Amino acid sequence: MNTDEHEHVIEVTGLRRVYGGGFEAVRGIGFSVRRAEVFALLGTNGAGKTSTVELLEGLARPSDGRIRVLGHDPYTERAAVRPRTGVMLQEGGFPSELTVEETARMWAGCVSGARPPREVLELVGLARRTGVRVKQLSGGERRRLDLALALLGDPEVLFLDEPTTGLDAEGRRDTWELVRALRDGGTTVLLTTHYLEEAEDLADRLAILHEGRIAATGTPAEVTAAQPARISFELPHGYFVGDLPPLAELGVCGHEVAGSVVRLRTHELQRAATGLLTWAERAGVELRRLDVRSASLEEAFLGIAAREEVAA
Amino acid sequence: MSSLTTPTGRLGALARAELTLLGRSKATLLTAVLIPLVLPFSLRSFVDGMDVEESGLSVGLVLLPAAIGFALLFGVYSALVGVYTTRREELVLKRLRTGELRDGEILGGTALPVGATGIVQSLVLVAGSTVLLDLPAPHAPHLAVLGLLLGLVMCAALAAVTAAVTRTVESAQVTTLPFVLVSMTLSGVTVPLELLPDRLASVCELLPLSPVITLIRGGWTGTLSVYEALGALATALAWTVLAVFAVGRWFRWEPRR
């Protein structure tokens with residue numbers, strides 16, 4: 001087995017998925033994930049995240065394109081791939097009348113080299129709920145049971161489809177910790193999320209999916225670097241944008257006005273903010289609801305969605 | 001690499017969980033166990049009125065295949081349609097497909113407890129008929145065993161096909177009706193084919209459950225010629241292969257959206 005650190009554990013090229021009704025959910029995407037990397041697929045609902053992950057998991061045959069997981073086609077060479085992957089679907093699927101422990105025991109019987117069920121249940125904080133029927137679990141507990149089962153076989157590659165949806169803030173942080181620990185232990189993790197802070201915090205690299213295509217990809221820093229920072233404030237009555245110093249001289253690359261609210265975009269945040277505040281000080285103007293923020297993944301995300309809308 | 005799972009191990013784990021679930025599903029259990037035990041014996045007075053002796057049959061030779069037929073139809077077929085549909089709608093089947101289990105193992109493992117129930121019931125029915133209806137020992141038990149096993153596999157496969165067109169557990173009550181009704185009336189379950197007009201009987205022989213009932217009854221009477229036995233086996237096999245093919249082609253692993 002190749003244990004090269006930089007080995008590409010997941011390789012996707014020209015991937016397309018067209019559903020029976022003719023809807024094209026995935027429109028020719030490509031990316032690769034290295035060993036022991038957390039890779040996030042980010043996107044709004046309907047962007048094609050789940051459609052993509054299901055193909056990587058080998059649940060369906062792609063309409064076009066090529067996937068290699070650990071060097072194999074996950075659909076046609078299922079038997080070679082499955083013992084080395086762990087999967088958590090977007091929506092669990094466990095018989096409601098089985099207890100947590102019975103579910104884990106059943107699953108353990110179907111996983112190569114399974115760890116003791118109790119051990120993984122403890123890992124996700126379900127150790128005290130083993131005797132409870134699945135139907136009585138909360139949504140968050142069900143997600144954690146699903147995660148526990150995905151971890152049973154110590155997989156080399158872990159697919160997590162929206163692993164923290166339905167979890168409270170604490171549960172989400174616990175899951176993040178767990179994912180980081182797994183990554184540090186050498187597990188490759190591909191996750192989807194629509195929580196931007198989750199991708200920003202957790203992912204080594206990410207791809208933003210929009211309408212079935214990859215709109216941006218790279219490290220979180222690389223993706224955000226291309227985005228402008230934002231300044232917004234409210235001008236007092238009687239003042240207009242024209243009263244501000246020439247925007248181009250402040251390094252502002254774009255602006256919007258909505259009533260008395262002004263939004264500026266800039267790639268030189270310090271220069272623009274200094275210029276604006278100096279002007280306000282001299283003119284004796286109070287900028288209410290002043291908000292200065294550097295580029296974030298959120299900006300990148302909203303920027304991509306807005307750009308596509310304009311283009312459409 | 002650490003020890004890989006085996007098909008037997010995976011089947012066992014799944015079957016064990018399904019057995020637990022079967023034990024907790026009172027409605028399924030009741031239909032599956034009670035109907036085959038009670039219904040045929042309520043037919044007794046009706047059978048007594050038939051001219052069974054004239055066709056060389058006895059009450060026991062009519063009632064035992066009928067009871068096993070009911071066990072296959074209600075205990076196995078109808079019960080499994082409900083189980084497959086429930087598991088699909090709960091997204092259990094989809095989740096299982098992400099793991100090492102193969103498609104056939106998922107359907108087979110899910111069917112095992114119900115199939116085992118069918119075998120146990122048949123044995124109980126044989127014992128009951130022998131004691132209560134003076135049923136003689138079977139003349140060709142191998143035919144009866146073959147018939148029962150083919151019947152089990154066929155009913156499981158037909159249940160998976162039926163589940164593919166069943167949207168909810170409630171609608172399973174409707175989607176299972178055609179096969180259950182046709183089999184009950186025209187496959188020799190309630191009325192032996194021997195008592196039907198010849199032309200009708202020769203068409204009915206080709207229905208899926210007919211060869212199963214014929215083989216079971218023939219196992220006791222020992223009056224099936226080699227030609228008749230092979231014909232019944234071929235018919236049963238053909239339906240089973242067809243049903244298995246249909247499952248591979250049309251089975252749905254996820255709910256419709």
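Q: In what kind of crossing does α11(B) pass α12(B), left-handed or right-handed?
A: A crossing is left-handed if the near helix is turned anticlockwise from the far one by less than a right angle, and right-handed if clockwise. Here α11(B) passes α12(B) in a left-handed crossing. This is a predicted model, where local features need pLDDT of at least 70, side-chain atom pairs count only at pLDDT 80 or more, and totals for chains, interfaces and linings use all residues. Residues are numbered from 1 along each chain as its sequence is written, while chains are lettered from A and ligands numbered from 1 in the order in which they are written.

Q: At what angle do helix α11 and helix α12 of chain B pack?
A: Helices (H or I, at least four residues) and strands (E, at least two) are DSSP runs, numbered from the N terminus. Axes are lines fitted to C-alpha atoms, for helices over the stretch in contact, and angles run from 0 to 180 degrees between N-to-C directions. For α11 (residues 210-221) and α12 (residues 226-250) of chain B, the angle is about 145°, and the axes are 8 Å apart.

Q: Which residues in α11(B) meet which in α12(B)?
A: Contact means that C-beta atoms, placed from the backbone, lie within 7 Å. From α11(B) come B:Pro211, B:Val212, B:Thr214, B:Leu215 and B:Gly218; from α12(B), B:Ala229, B:Ala232, B:Leu233, B:Thr235 and B:Ala236. That contact divides into seven nonpolar, three polar and no charged residues (Ala, Val, Leu, Ile, Met, Phe, Trp, Tyr, Cys and Pro count as nonpolar, Asp, Glu, Lys and Arg as charged, and the others, Gly among them, as polar).

Q: How many residues of chain A are in contact with chain B?
A: On chain A it's 21 residues, facing 24 residues of chain B. The chain A side splits into 10 nonpolar, six polar and five charged.

Q: In what order do the three strands of the open sheet in chain A come?
A: Strands of a sheet pair through backbone hydrogen bonds, either parallel or antiparallel. Two strands count as paired if DSSP finds at least two bridges between them. This sheet reads β2-β1-β4 in chain A, with antiparallel pairing. β2 (24-34) and β4 (64-69) of chain A are at the edges with a single partner strand each, so one side of each has no neighbour in the sheet. On average, neighbouring strands are turned by 15° against each other, direction ignored.

Q: How many bridges join strand β1 of chain A to β2(A)?
A: Eight, between antiparallel strands, with β1 spanning residues 8-18. For instance, A:Arg16 has A:Arg27 as its bridge partner in β2(A), and A:Arg17 stands opposite A:Val26. The two strands form a hairpin with five residues between them, and A:Gly22 in the turn has a positive phi of about 100°. On to β4(A): five bridges join β1(A) to that antiparallel strand, where A:Ile10 stands opposite A:Val69.

Q: Where does helix α1 of chain A lie?
A: Helix α1 (residues 49-56) lies across β1, β2 and β4 of chain A, at about 120° to β1(A).

Q: What order has the open sheet of six strands in chain A?
A: It goes β5-β6-β7-β3-β8-β9, with mixed pairing. β5 (85-88) and β9 (213-218) of chain A are the edge strands, each with a single partner, so one side of each is left without a neighbour in the sheet. Within it, β6 (residues 157-161) and β7 (residues 188-193) of chain A run parallel, joined by five bridges; A:Leu158 is bridged to A:Val189 in β7(A). Helix α6 (residues 169-184) of chain A lies across β3 (38-42), β6 and β7, at about 150° to β7(A).

Terms used:
Contact = placed C-beta atoms within 7 Å.
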